Amino acid sequence: MSTQTTPGTEPAADSGSTAAEVAGRGESLPGKVLRILLTQRIALLVLLLATVLITMSQLSANNYLSAPYSTSYLAATLINAVPLVMLGLAELLVITSGRGGIDLSVGAIVSLTGMVFGFAYGEWGWSLPAALVLAVVFGGLCGAVNGGLIAYLGFPALITTLATYYGFSSLALVVNDQRPINSQPVQDLYSTASAVSLPFLPDAFPRIPLGVFTFLIPTALVVWLVLARTTYGRRLYAIGTNDVAAEWTGINVARTRFTAYVAAGAISGLVAVVTVAQFASARPDSGVAGNGMALPAITIAVLGGVAITGGIGRVAGVVLATLLIVWLNAGILLAVPGNAGSQLQLFALGVVLIFAALLNGFSNRRYGGTS
Amino acid sequence: MSSSILTPAGRPDGEPAAVAPQDGGRQRLLPSPVTGQEMVLIVVIALLWLALSLATPAFFTSGSIVPLLVGMTPIALIGVGMTIVIITGGIDVSVGSIVMVCSVIVAQTMVGSGLPLPLAVLLAVAIGGVLGLVNGVLIAYGRVHAIIITFGTLNLFRFIGLQVFGSSTVEGIPRTLNFFGRGEAGRTLGIPHSFVIMLVIAALAWWYLRHTAGGRHFYAIGGDSQAARLAGISVRTRVLMAYVVTGLLAGLASCFVLAQGTSSLAANVGSGLELAVIAAVVIGGTSIIGGRGSVLGTVLGALLVQTVATGVTQLGWRSQLSDLFVGLFILIAVGADLIRQRTRRAS
Amino acid sequence: MTTPQPSTPSTDRARPARLSVSGVSKRFGAVRAIRHADMAVQPGTVHALVGENGAGKSTLIKILSGAETADAGTITFDGAPVSITSTHDAMALGIATVYQEPQLFAELTVSENVFTGRELTRGGRVDWAAQNAKVVELLDLLGLPARYATATVGGLSIAEQQQVSIAKALAGDAKVLILDEPSAILTDREVEVLFSVVRRLTAAGVSIIYISHRLDELFVIADEVTVMRDGQTIGTHPIADLDVRQIVELMVGGILDDARPDRAVPPGDPRLELRGLGLAGQFHDVDVSIRPGEIVALYGLIGSGVAEIGATVYGMARATAGTILVDGEPVRPRSPREAKDLGIALLPANRKEQGLFSFQPISFNISAGHLPLLSRLRVWVDRRREREVARSMISRLSVKTPHERQAVSALSGGNAQKVVLARQLVDRPRVLVLAEPTQGVDVGAKEEIHRIITQLADEGTAVLIVTSDLAEAIRIADRLQVVRAGTTTTEFGPGATQVDVLAAAAGAEDEQEVTA
């Protein structure tokens with residue numbers, strides 16, 4: 001492209017101070033609070049989450065809800081958070097890698113890997129650990145297809161993952177002739193999705209679904225460690241922030257971006273196992289039925305403060321955004337029982353996403369801010 | 001004419017050189033109306049049709065071709081709008097939800113009050129336009145990337161649709177819309193009405209995009225919106241318009257979708273349609289980065305996708321395989337675009 | 001010195017100037033890009049605007065074209081005061097600007113590009129025939145074949161695209177045409193064509209503001225010349241009153257900042273050698289040799305290929321001819337990673353695009369280039385050492401910031417540049433290439449950056465400075481080589497004066513005259 005937005009050869013001398021610096025000086029307390037809420041996504045999410053919990057508890061206490069909005073109820077709904085957080089983290093990785101990074105195919109990878117896992121564990125009699133490893137590796141391979149095309153060949157992520165979405169979901173349907181796999185071993189997996197009470201804690205403590213401990217927390221912890229503590233995390237943020245500068249700095253941009261897509265695929269592979277356990281069946285359309293899993297995952301990531309332009313995003317944001325959505329939905333289901341309630345969840349998801357996106361745009365303009 | 005610096009090696013996909021041959025002393029005023037990718041598509045579709053009619057005698061019968069042509073109309077029609085949106089550098093993933101809202105409202109109104117055909121179409125188009133306007137305003141004025149906004153409105157519109165649906169499917173839809181269907185009522189001289197309507201609209205859009213100042217401005221915005229603004233183009237208005245047009249066409253397409261269905265309508269109507277439409281647009285050669293594309297390519301892309309779906313079924317293969325082919329076609333189309341860009345940059 | 005007195009302002013002329021500027025100033029934050037500018041452009045003349053990089057030419061052009069608004073001063077057009085607050089205002093007055101980087105739509109045809117936003121229509125339809133007829137006329141004027149009218153711009157060469165930009169400017173009935181370094185990217189033959197176009201335009205009454213670093217060509221094309229220095233216009237002279245040497249003297253001023261502290265470079269074998277290095281289409285036969293502890297500057301105008309030499313040494317481009325030797329061993333770095341493994345570091349020319357991770361902290365920006373070094377087992381970032389390194393760099397380079405967690409986007413240009421420089425210094429490089437090390441940096445930071453570079457050389461690093469800032473090159477380099485037309489030409493020792501070097505770089509023909 002021969003176009004450039006700032007013509008001329010001598011760059012204008014940089015200004016001595018920036019908007020952020022100016023904004024920091026001599027502002028009133030309410031102004032400061034507003035700035036923190038607008039620029040620090042974590043703070044905003046915590047505030048929103050607290051608002052939801054308090055409002056719903058009030059409604060519950062005054063018997064406006066069809067069932068109590070209790071801690072045990074909230075704990076039970078966490079089962080919905082497991083795939084959402086994990087795929088949200090997968091999107092966090094690829095979106096943070098920059099250059100329009102996104103993965104529309106995560107749901108299709110869940111479907112296809114679920115079938116592969118179903119075969120291995122339910123039909124071929126593999127042990128659970130072996131089948132689990134297979135699922136992660138296979139998911140990673142699917143991600144490698146995306147990553148290879150995007151990072152090494154320069155395909156646009158949106159369209160590439162749209163294409164692989166079609167490919168993977170088609171294969172998932174074809175591989176067992178549209179039939180689910182629900183042999184006995186697969187059905188027995190359901191128990192792993194059930195809620196458990198924690199040892200060493202009083203019985204009053206709510207029972208939390210096992211998947212939270214076996215999948216959600218380990219994945220979140222690993223992704224957090226990778227992003228915040230490892231050299232890979234630094235490289236990922238670097239290429240997402242400015243991949244030209246990263247190249248000049250000597251970072252292997254293509255390999256770093258490729259790895260992000262592989263990781264997203266591997267996480268999707270894990271989600272496949274979770275989903276099979278949750279349904280006690282490997283369903284060929286588990287990840288793409290209805291709106292699929294990709295759209296909610298992207299929504300969660302954006303709501304959690306992941307910048308669609310890359311380079312910005314934190315694990316805590318994704319986790320908090322998921323809790324907000326899951327517990328808001330849980331409240332809506334009690335407040336508006338039945339079908340209307342589940343429909344209202346879509347509304348909440350849409351409104352919250354657009355609100356968050358517009359807010360991002362606004363706070364960037366106002367504060368030149370970041371996360 | 002001897003080959004010049006202007007016919008560089010940068011057209012691997014056989015796209016005719018940008019400079020028209022000056023045979024007969026008369027210079028062409030515009031680049032060729034059919035791009036290389038479109039030529040390739042035409043050839044591929046022709047070969048597929050040939051192969052299919054040889055493989056299954058049932059293919060080249062009206063019982064097979066008419067459903068194929070009618071079946072592609074919603075995708076092609078929305079694809080016209082989506083082409084404009086993508087040319088401006090945007091995207092609209094909410095079209096499936098728009099189709100859902102429009103079709104359910106129209107269906108219920110018809111069940112309730114026996115709406116006549118013209119009013120039904122008008123209602124669908126009007127609702128589609130309003131929803132498109134919502135997208136357009138948020139994208140043009142919110143300065144947030146289109147994909148985020150339309151992911152949001154996808155959910156919002158679906159919510160509206162489900163609210164209208166109530167808890168059950170819509171049953172007993174009158175046959176008012178059969179004029180657009182694949183049955184006898186939907187054909188004149190054997191040619192399906194919906195296909196003709198789609199062709200007329202696509203031709204108008206093609207002409208508008210190619211020959212009017214307003215049409216060319218969409219390309220300029222997609223090429224470099226900043227430069228377009230400096231050139232005095234009202235970027236916001238244009239962007240807004242692209243989404244409204246897409247909404248209007250999605251509204252009309254919902255009538256076609258209704259006409260193709262049975263007398264009942266399920267809540268999953270339109271789901272996944274956005275991806276099929278984007279696939280048709282991309283296969284048609286419209287660049288996802290913006291600035292280049294054509295409605296003709298989109299119509300051909302939709303035809304190819306539908307041909308593959310029909311072919312896969314008629315060959316007795318698993319119907320789900322057609323999605324795999326769609327995915328492959330997308331990758332080939334994008335790959336061809338990338339090679340084209342690279343060789344041009346290198347020359 | 002025989003510097004002539006500036007010609008008197010246009011008050012004694014019979015008709016008012018086409019475009020005149022008086023007392024214009026412009027400030028970007030703490031930097032005064034223009035302190036005071038006066039200039040009067042007469043109708044139908046070519047008015048050259050010259051000055052060193054950073055003298056304020058570009059800012060003045062941006063003010064005239066409406067891309068920036070002046071803080072103070074008046075602009076008059078045909079004698080009437082006007083206010084230019086947007087590019088629209090400028091275009092409405094008939095002021096058209098052709099930037100070095102063409103602002104075109106690659107996917108549209110030449111004819112469409114010329115008319116974007118002001119299409120000729122007939123009955124709602126673009127009148128392609130009328131547009132093409134007009135464009136063919138313009139192309140003819142520019143010496144381009146008529147068939148280019150329907151070519152897509154993306155398929156044209158950069159030089160051709162620039163001519164399309166000129167056509168675009170002319171189609172709007174420009175009264176004043178600003179050409180920003182139009183010749184920098186053109187071949188000699190293309191420059192000839194450009195000049196004939198310029199002459200035709202001036203004959204038709206169009207005024208041209210012509211910016212160029214190639215001073216020799218001003219004597220061919222310009223009528224008057226205004227010189228800028230340090231954000232001020234020094235004066236306007238008829239070109240006939242001056243020669244290259246006098247213009248250079250006006251540009252650099254009487255200030256003798258050429259003095260530099262004596263450095264003794266220890267004798268020894270070269271650390272970095274370039275032998276007949278070439279990159280197809282960019283530069284050829286480049287010979288450079290740098291000993292440890294030595295600072296060598298490659299000075300060249302923009303477009304001379306000087307920038308690409310640095311990038312090639314760093315592995316961003318692969319040489320198509322010649323060899324690079326480090327400590328006598330031939331090397332072929334294929335990527336910056338390989339170059340870094342050879343001990344070569346590079347400070348990129350474009351700080352914002354190639355250097356900064358803008359919204360990330362200072363420590364992140366420094367450690368990004370040395371993650372294996374600042375880690376345990378190359379996997380875990382050693383955050384304590386990262387912090388320590390960042391802090392020590394901040395104090396060593398006197399980066400003005402409250403703490404190392406500050407985002408670099410909040411720093412001034414000079415401080416941000418120090419951060420990017422710090423990144424190159426963490427793992428003391430054997431060879432340091434600095435591309436435009438002080439561009440867009442204020443004077444104080446410039447001093448400090450020079451001090452750091454010298455200090456680094458004293459510690460034994462071989463330093464190659466690739467720059468278009470002559471004063472800087474002379475000031476800190478032990479030796480200076482001029483790059484002209486894609487190859488290294490004259491070499492100067494420590495005693496070089498700006499005038500000599502600039503004359504050598506600006507035009508080979510004038511070299512005789514200057515050295516005589």
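At what angle do helix α13 of chain A and helix α5 of chain B pack, and how far apart are their axes?

1. The model is predicted, so that local features need pLDDT of at least 70 and side-chain atom pairs count only at pLDDT 80 or more, while totals for chains, interfaces and linings use all residues. Residues are numbered from 1 along each chain as its sequence is written, and chains are lettered from A in the order in which they are written.

2. Helix α13(A), residues 294-303, packs against helix α5(B), residues 146-165, at an angle of about 120°, with the axes 11 Å apart (axes being lines fitted to C-alpha atoms over the stretch in contact, and angles running from 0 to 180 degrees between N-to-C directions). The two helices are therefore oblique to each other, a class left over once angles under 35 degrees (roughly parallel), over 145 (roughly antiparallel) and 65 to 115 (roughly perpendicular) are set aside.

3. In this packing A:Leu295, A:Ile298, A:Thr299 and A:Val302 meet B:Ile148, B:Phe151 and B:Leu154, where contact requires C-beta atoms, placed from the backbone, within 7 Å.

4. Between chains B and C, 28 residues of chain B are in contact with 27 residues of chain C. The largest share of the chain B side, five residues, comes from α7(B).

5. In chain C, strand β13 (residues 272-279) has six of its eight residues buried, so it is largely enclosed by the rest of the structure (buried means 20 or more other C-beta atoms within 10 Å of the residue's own). Five bridges join β13(C) to the antiparallel strand β14(C), residues 283-290, and C:Glu273 stands opposite C:Ser289 there.

Definitions and conventions:
Two residues are in contact if their C-beta atoms, placed from the backbone, lie within 7 Å. Helices (H or I, at least four residues) and strands (E, at least two) are DSSP runs, numbered from the N terminus. A residue is buried if 20 or more other C-beta atoms lie within 10 Å of its own, exposed if 12 or fewer, and partly exposed in between; C-beta atoms are placed from the backbone. Two strands pair if DSSP finds at least two bridges between them.
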